[in-house]
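Subject: Structure for you to look at

Hello,

Here is the structure we talked about handing over. Please open it first, then read the notes below.

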Amino acid sequence: MNNRLSQDEIDALLNGGSQSEESEQPGMNLSELERDAIGEIGNISFGSSATALSTLLNQKVDITTPSVTVISKSKISDEFPHPYVAIEVNYTEGFDGSNLLVVEQNDAAIIADLMIGGDGKGADPSLGEIHLSAVQEAMNQMMGSAATSMSTVFSKKIDISPPRVELLDVTEEKGTDRIPEDDLLVKVSFRLKVGELIDSSIMQLYPITFAKDLIAELMNRDEAQESNQVSEPQETYEAQPEPAVQHEPQPKPEQQAQKRQGTAKKDAPVQVAPVEFQAFDQNDAAHATRNNLDMLMDIPLSITVELGRTKRSVKEILELSAGSIIELDKLAGEPVDILVNQRIVAKGEVVVIEENFGVRVTDILSQADRLNNLK
């Protein structure tokens with residue numbers, strides 16, 4: 001009988017069986033139903049993100065149905081072998097957690113080049129500060145749209161903080177402090193296509209504990225909706241038996257008399273008279289109108305004075321610095337617009353009252369003009 005142990009068995013004993021447990025652990029932490037739930041949340045949220053990114057880049061953007069896996073942080077270098085750009089997003093309302101959006105550095109360079117007015121071809125992968133700012137703005141718009149979609153899914157307000165962008169190179173331990181500290185992480189991978197320029201992946205990375213919270217809240221919401229539907233009173237209908245013999249029943253004597261009266265009424269001339277309405281006292285009507293207006297007197301309204309406006313491209317906005325001058329569409333000395341709840345109602349001139357700015361009303365729009373502004 002051979003009692004010798006193989007080298008693999010010896011290594012397993014020395015390591016306390018940690019390797020086999022680690023290889024099995026990720027696959028056992030999310031059931032198939034839970035992975036489907038995470039994938040559905042990602043599919044809904046990033047569907048609207050594709051629309052936002054398409055508008056920013058002026059390119060057709062497709063983000064396909066995601067694949068969900070659980071990875072160990074100790075093997076993070078196998079999952080991200082190339083240089084990437086990591087975008088950290090924290091939830092400020094609705095959830096307590098964060099996630100990391102990861103995109104390949106070459107793809108980020110193309111997105112940045114399109115954002116600042118380039119064609120995306122031959123983009124320099126060495127991202128400078130202005131390019132990282134452009135990527136940050138693109139991801140901000142994407143995650144903002146995703147948060148709005150999640151608000152619909154979870155039936156509550158969800159908000160995020162402005163994302164933070166950093167280069168991520170796991171092999172050189174650069175930017176790894178952005179990776180969540182949990183031992184097990186959920187990786188949601190989407191296929192990203194931007195016109196003919198990008199056909200790659202964009203990944204979402206967050207702790208498995210946060211994923212469990214999302215799944216639990218989604219399941220609780222579905223159960224609450226189902227219970228509400230069951231508790232609603234159901235309308236009942238009483239089935240009417242069909243007659244056994246298909247023939248017209250004989251009318252009763254009183255029904256025959258009513259029928260004869262109805263025939264006689266048809267032959268008689270119809271009397272038509274104009275309708276008379278009750279007269280209203282004008283004093284009562286004026287008093288009611290005054291009471292209705294008094295109910296509105298305490299409603300606060302926001303008054304804004306607009307000095308002027310202008311339009312600039314994303315490239316010009318990103319090039320702004322301290323001391324830059326922005327030219328507005330108003331001439332010096334021209335009246336400023338006075339807006340109430342974002343609607344123009346009057347024009348005026350800027351004055352100084354002691355140490356504060358003020359505005360003197362010089363012209364009030366007519367009622368017709370104010371009605372046109374409300375359309």
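In which helix is the place of A108? A108 sits in helix α5 (residues 105–115); helices (H or I, at least four residues) and strands (E, at least two) are DSSP runs, numbered from the N terminus.

Before going on, note that this is a predicted model, where local features need pLDDT of at least 70, side-chain atom pairs count only at pLDDT 80 or more, and totals for chains, interfaces and linings use all residues. Residues are numbered from 1 along each chain as its sequence is written, and side-chain values use heavy atoms, with hydrogens and water left out.

A108 is buried, at a relative accessible area of 1%. Buried means under 20% relative accessible area, exposed over 50%, and partly exposed in between (1.4 Å probe, protein chains only). Leaving aside neighbours within four places in sequence, A108 is in contact with V85, V103, L127 and V135, contact being heavy atoms within 4.5 Å. V85 is 23 residues from A108 in sequence, and their C-alpha atoms are 6.9 Å apart in space.

Helix α5 also meets helix α6 (residues 129–154): their axes come within 8 Å and cross at roughly 90 degrees. That makes α5 roughly perpendicular to α6. The word covers angles of 65 to 115 degrees; under 35 counts as roughly parallel, over 145 as roughly antiparallel and the rest as oblique. Axes are lines fitted to C-alpha atoms, for helices over the stretch in contact, with angles from 0 to 180 degrees between N-to-C directions. On the α5 side the residues are A108, I111, A112 and M115, which meet H131, A134, V135, E137, A138 and M139 in α6.

Next, the salt bridges. How many are there? The count is 12, a salt bridge being a side-chain nitrogen of Lys or Arg within 4 Å of a carboxyl oxygen of Asp or Glu. One of them joins E34 to K212, with the closest N and O atoms 3.2 Å apart. This pair links distant parts of the chain, since E34 is in helix α3 (residues 32–57) and K212 in helix α7 (residues 208–231), 178 residues apart. E34 counts as buried at 18% relative accessibility, while K212 is partly exposed at 32%.

D337 and K347 form another, at 2.6 Å from N to O. D337 lies in strand β10 (residues 336–340) and K347 in strand β11 (residues 343–353), so the pair ties together parts 10 residues apart in sequence. D337 is buried at 7%, and K347 is partly exposed at 30%.

Regards
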